[in-house]
Amino acid sequence: MSRTLKEERITISGTVSIGATVTYTDKNTLSPAIVVIMGTGKTDRDGNEKGFRTDLYKQLAKFFTELGFVCVRYDKRGTFQSTGNFNTAGLHDLTDDAISVIRYVKSLPYVDETKVLVCGHSEGAMIATLLSEKEDTAGLLLFGGAATSMKDALLYQNELAADEFQHKNGLLGMLLRSQTSKEKTNAKVDAMFQKCITTEKDRVFFGGAILNAKWIREHASHSTEDYIRRLKKYGKPILAVTGTADISTDYRKLSALRDIPSVEIFSPPNVNHILREIDDDNSVMTVKKQYGRLASQPMHKVTEEKIKEWLSQFHTTGNERCQNETDN
C-alpha cells in the first residue's frame, strides 16, 4: 500500500536555531524515526548547494518515510535556515546540534522515542559515532564514512588522486605529476593539521586560504582507532555501508568492524559516495559531475534492499496509536 508523504518545515531550538524538515505519513500512529546528518560543506538539508544539486538527503528522507519511519533532516549551523556561524563551527558544535535534533524528534508525540535512529553520511557518519556516547539512540546507519577519521579520509583521497595522475597521459598528466605527488599532498595535510592543533584560534590562514581551525583541530582529536572503539562500545545495531567506488573514504576500513556482533558491514561493488552505481571510470577530477549526473538515478538496488532489510527490525509491531490519542 502506497503512503502519502507529508512534509513540515520547522525550527528546532538548541544552542542555535536549527531549520529542519519533518517527513511523515501519519501522526496518529506511533512510528520509529530517523535523523539524517549530512556530510561536509554548505549543502542544504536536501543535499544541494548553489550550482550543484543532488537531493541526496531529500531522497533518503522519502525512502525512509515510505518504509514507515518519521524522518528529520536539517540545515547545518550557520547555513540556510539555521543560525550560528558556519565558519567557526567545530566538530563538537555540529555533534551538539545533531543531539538537539534527536531530542526534538524524541519529543514528537507520534514518534516512538525508544526507536530513534541516526543516519550519518560522510562526515555525518563521524558525527553519528561521536554522539553515540552522549545520546541514547536505537541504531546507526553509517554511509560513506564509518570507521575512519577525517584525516585518514583526506589521506585516502590524496592516494587515489596521486595514482590517477600517475597514469594520466599527455601534457596534463605530465603537469599534474610535476606539481603534485602523494608525498607532497600528504605533507600539506600534515602541516595543515599541525598548524590548527598548535593554535587556539578559530580560524587561521594556510595555503592561501582562511581555514576553520577549530573544526580541523577537533577532527584531529579523534583518530580512526577512536571511532572503531566507539562503535565496538555502542552495543546496538549498526549498518555501515561504503561502496567500493567511493573515492571519499576507503571501503576497506569497514573490515575493522567485521567481528563486532552488533555491526553489519556492506561494501557494494561499483557504488559511489552517494550510493549510486558508477557509469564511468570514476575519476577524482570529474567526480562532482558524476554525482550531479547520477543523482537523478535511483539508489543502487541491492544497497537499497540491504538497508530496507536491516531497518525492518525497527518497525513498530501492530498499529499502535499515539499516546495523546488513546488518552482522549
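In this predicted model, the sulfur of Cys-119 has its closest cysteine sulfur in Cys-71, at 7.6 Å, which is too far for a bond. A disulfide would require two cysteine sulfur atoms within 2.5 Å, and by that rule the count comes to 0 disulfides. Cys-119 is buried, with a relative accessible area of 0%, and Cys-196, also at 0% relative accessibility, counts as buried too.

From the cysteines we can turn to the sheet. Here 8 strands form an open sheet with mixed pairing, and their order is S1-S2-S6-S3-S7-S8-S11-S12. Strand S1 (6-13) and strand S12 (263-266) stand at the edges, and because each has a single partner strand, one side of each is left without a neighbour in the sheet. From one strand to the next, the twist averages 20°. Strands of a sheet pair through backbone hydrogen bonds, and such pairing is either parallel or antiparallel. S1 and strand S2 (residues 17-24) pair in the antiparallel sense, over 8 bridges, and within this pairing Glu-7 has Thr-23 in S2 as its bridge partner.

Helices lie against this sheet as well. Helix H1 (residues 56-66) packs on the sheet and touches S2, strand S3 (31-37), S6, strand S7 (111-121) and strand S8 (139-143), while its direction makes about 165° with that of S6. Helix H3 (residues 123-131) lies across S3, S7 and S8, and runs at about 140° to S7.

A loop residue can be followed next. Thr-79 has its place in the loop between strand S6 (70-74) and helix H2 (91-107), and with a relative accessible area of 5% Thr-79 is buried. If residues up to four places away in sequence are not counted, Thr-79 touches Lys-42 and Phe-86.

Which residues of helix H8 (residues 224-234) are buried? They are Thr-224, Tyr-227, Ile-228, Arg-230, Leu-231 and Tyr-234. An α-helix has 3.6 residues a turn, so residues three or four places apart point the same way. Seen down the axis of H8, the buried residues fall within an arc of 160°, and therefore they line one face of the helix. On the other side of H8, by contrast, Glu-225, Lys-232 and Lys-233 are exposed. Just after H8 comes Gly-235, which takes a positive phi of about 80°.

Strand S9 (residues 203-206) has a covered face, made up of Val-204 and Phe-206, and an uncovered one, made up of Arg-203 and Phe-205. S9 and strand S10 (residues 209-212) run antiparallel and are joined by 4 bridges, and the bridge partner of Phe-206 in S10 is Ala-209. The hairpin has 2 residues between the strands, and in it Gly-207 takes a positive phi near 60°.

Helix H4 (residues 150-166) contains Glu-159, which counts as partly exposed at 35% relative accessibility. Glu-159 and Glu-183 are 24 residues apart along the chain, and their C-alpha atoms are separated by 9.1 Å.

Finally, there is the matter of confidence. The protein averages a pLDDT of 92, and 90% of the residues score at least 70. Over residues 324-328, however, the pLDDT is below 50, and this stretch has 3 contacts in the model beyond near neighbours in sequence. Where pLDDT is low, the predicted coordinates should not be read in detail.

Methods:
Residues are numbered from 1 along each chain as its sequence is written. This is a predicted model: local features need pLDDT of at least 70, side-chain atom pairs count only at pLDDT 80 or more; totals for chains, interfaces and linings use all residues. Side-chain values use heavy atoms; hydrogens and water are left out. Buried means under 20% relative accessible area, exposed over 50%, partly exposed in between (1.4 Å probe, protein chains only). Contact means heavy atoms within 4.5 Å. Two strands pair if DSSP finds at least two bridges between them. Axes are lines fitted to C-alpha atoms, for helices over the stretch in contact, and angles run from 0 to 180 degrees between N-to-C directions. The arc is that of the directions from the helix axis to the C-beta atoms. pLDDT is the predictor's confidence in each residue, from 0 to 100.
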